[in-house]
Amino acid sequence: MSTSTAVGDLPDRVVRGNELPVQETGEYVLAVLNRALRGEDNAVIDGAIAHANTLNLPVLFYSELDESVAYACDRLFYFALGAFRELAQSLHAHNIPCIQILKRANTEDPLPSLVEKAAAIYTDEDYTHWDRAKQKRLLHIASQAVFFVDASRLVPTRQLPQKLRTTPAFRKAHGALKEKYVDLRKDVSVGLESEHKVSLPFSHNFAAYSDDALKSLVAECDINHDIKISPEHPPTQSGLQQRIKTLKTDILARYKWIRNNAALEHSTSQLSPYLHFGMVSPHQVLTEIESADVPKTYTWKFRDEFLTWREWSHYQAFHNPNIHEFESLPNSAKKTLLAHAGDARPELKTASDIINGNTPDATWNAAQREWLNTGWLHNNLRMYWAKQILRFTPTPEDAWELACYINDTLSLDGRDPATYASMRWAFGDAKPGYSEKEIYGWVAPKSDRAILKRTGMKDWIAERQ
């Protein structure tokens, strides 16, 4: 890592992506923001600016949305473009140039021309196969130093011990480092030391786009238009801040008692889409939690779910690049599921019926329709949802493939280590069941008995039939 970024926690967050030198004739430091789509508390921005200051160069920020990705649909594109808009407005407020594009089929790739003139490149480091493909592409076209920046986690994943096998072991290791990185992040204060003009080959971003303009642009894209935009989850800082306010006033003090009831309006924060797209950092969320007028004895459960479980899933994805594949499940889970692949499946349904929530299971149907219509599903229902999909599909591999499609395409917080880890738990990456069952083998099944006993859940399910 360059000593130019040796401030606060940056030495532990910034790593070299290659061994190429800084390009002496470079005109700027280029920062490619893929999922760290925020202007504040962003280690990618901090690292790029710190390095630019030592080189006496300007910075340039770039983001793109590619309509050729497999999960491209109206819902995800509108949310991503909304996040782009918020980022551009924040950067403009600091007089920092940014280019944002919607990459269309059969159009010239603009990134190589920007890379060519860069002295060095910074980009966010995340760990799903979608994220790794972007990093690999950048390394392929770069002829200068590329730096990866851990901007998505409170504790940088690379700073945790190797070979942590269990959640308790991870919790212990993570907890020992948490306060260190809370304090180090507070020490990061990076701003451009001088103003520079950047000569750009082209200039476009979404800062001035209205909601209607974004919707019109999405409608023109060659993507899946069947998955509609979700008005329940606006991709705005105001929408995000309202969720944080609700978390502090209505959720934290009751969270450990209400978190499993999807029928309660404020049983969860619904921050996961904003965390996935990097519109808010874990440090920012933790700061808000700590500033709430709620005793820590009440907030510990939310902090554990938010920090331990979320960052545990990222740790697993870092060490298992194929976390999204059925083949990467534990051998014991695969063995027992495949041993029961030939079991009778009387509730077998077509993929279309499953996606539209037309199965014999009313609880599952309600959960699926909620996901289909809004792009977000309560975590407790996701656990039940992922277990039951094995009943409706011909083989466990088919079940996994369809579950990933729904996660990747319908869900605003899909394509994420946390959502893949949740599905892996359902498919046997957990303690085995107490007995061997049809279809599931030794993978523990899950009933909806407890779900139906929760206040309001029967009505919640009936409303979605």
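Guide: In what follows, Ala, Val, Leu, Ile, Met, Phe, Trp, Tyr, Cys and Pro count as nonpolar, Asp, Glu, Lys and Arg as charged, and the others, Gly among them, as polar. The model discussed here is predicted.

Visitor: How many nonpolar residues are in the lining of the second largest cavity?

Guide: The second largest cavity holds about 30 Å³ of space. Its lining consists of Arg 75, Tyr 78, Phe 79, Ile 229, Ser 230, His 233, Pro 235 and Leu 412. Under the classes above, Arg counts as charged, whereas Tyr, Phe, Ile, Pro and Leu count as nonpolar. The lining therefore has one charged residue, two polar ones and, as nonpolar residues, five.

Visitor: How many charged residues are in the lining of the largest cavity?

Guide: About 50 Å³ of space lies in the largest cavity, one of two cavities of 30 Å³ or more in the whole structure. Its lining has 13 residues, and those nearest the centre are Arg 38, Asp 41, Ala 151, Arg 185 and His 283. By class, three lining residues are nonpolar and three are polar, while the number of charged ones is seven.

Visitor: Which residues lie closest to the centre of the second largest pocket?

Guide: The second largest pocket has about 800 Å³ of space. Of its 38 lining residues, the closest to the centre are Gly 39, Glu 40, Ile 45, Asp 46 and Val 190.

Visitor: Which elements give two or more residues to the lining of the second largest pocket?

Guide: The lining of this second largest pocket is divided into 14 nonpolar, 12 polar and 12 charged residues. The elements that supply two or more of the lining residues are helices H2 (43-55), H3 (74-93), H6 (167-186) and H11 (282-291).

Visitor: Which residues of strand E2 point the other way from Tyr 28, Leu 30 and Val 32?

Guide: Strand E2 covers residues 28-32, and five of its five residues are buried. Side chains in a regular strand alternate between the two faces of the sheet. In E2, Tyr 28, Leu 30 and Val 32 point one way, and the other way is taken by Val 29 and Ala 31.

Visitor: What is the bridge partner of Leu 30 in E3?

Guide: E2 runs parallel to strand E5 (residues 118-124), joined to it by five bridges, and there the partner of Leu 30 is Ile 121. E2 also pairs in the parallel sense with strand E3 (residues 59-66), over four bridges. In E3, Leu 30 is bridged to Leu 60.

Visitor: Is Arg 415 buried or exposed?

Guide: Arg 415 is found in the loop between helix H17 (396-409) and helix H18 (417-426), and its phi is near 60 degrees, a positive value in a residue other than glycine. Asn 106 also has a phi near 60 degrees; Asn 106 lies in the loop between strand E4 (98-103) and helix H4 (111-116) and is exposed, with a relative accessible area of 84%. The cut-off for buried is under 20%. Because its relative accessible area is 4%, Arg 415 is buried.

Visitor: Which cysteine has the sulfur nearest to that of Cys 404?

Guide: Cys 98 is in no disulfide, with the nearest cysteine sulfur, that of Cys 221, 18 Å away; Cys 98 counts as buried at 4% relative accessibility. Cys 404 counts as buried at 9%. Cys 404 is likewise in no disulfide, and 16 Å away is the nearest cysteine sulfur, that of Cys 73.

Note on methods:
Residues are numbered from 1 along each chain as its sequence is written. This is a predicted model: local features need pLDDT of at least 70, side-chain atom pairs count only at pLDDT 80 or more; totals for chains, interfaces and linings use all residues. Side-chain values use heavy atoms; hydrogens and water are left out. Buried means under 20% relative accessible area, exposed over 50%, partly exposed in between (1.4 Å probe, protein chains only). Two strands pair if DSSP finds at least two bridges between them. On a 1 Å grid over the protein atoms alone, a cavity is a set of points where a 1.4 Å probe fits but cannot get out, and a pocket is an open set with protein on both sides within 12 Å along at least five of seven lines; lining residues have an atom within 4 Å of a point. Grid points are joined across faces, edges and corners, and a volume is the space filled by probe spheres set on the points. A disulfide is a pair of cysteine sulfur atoms within 2.5 Å.
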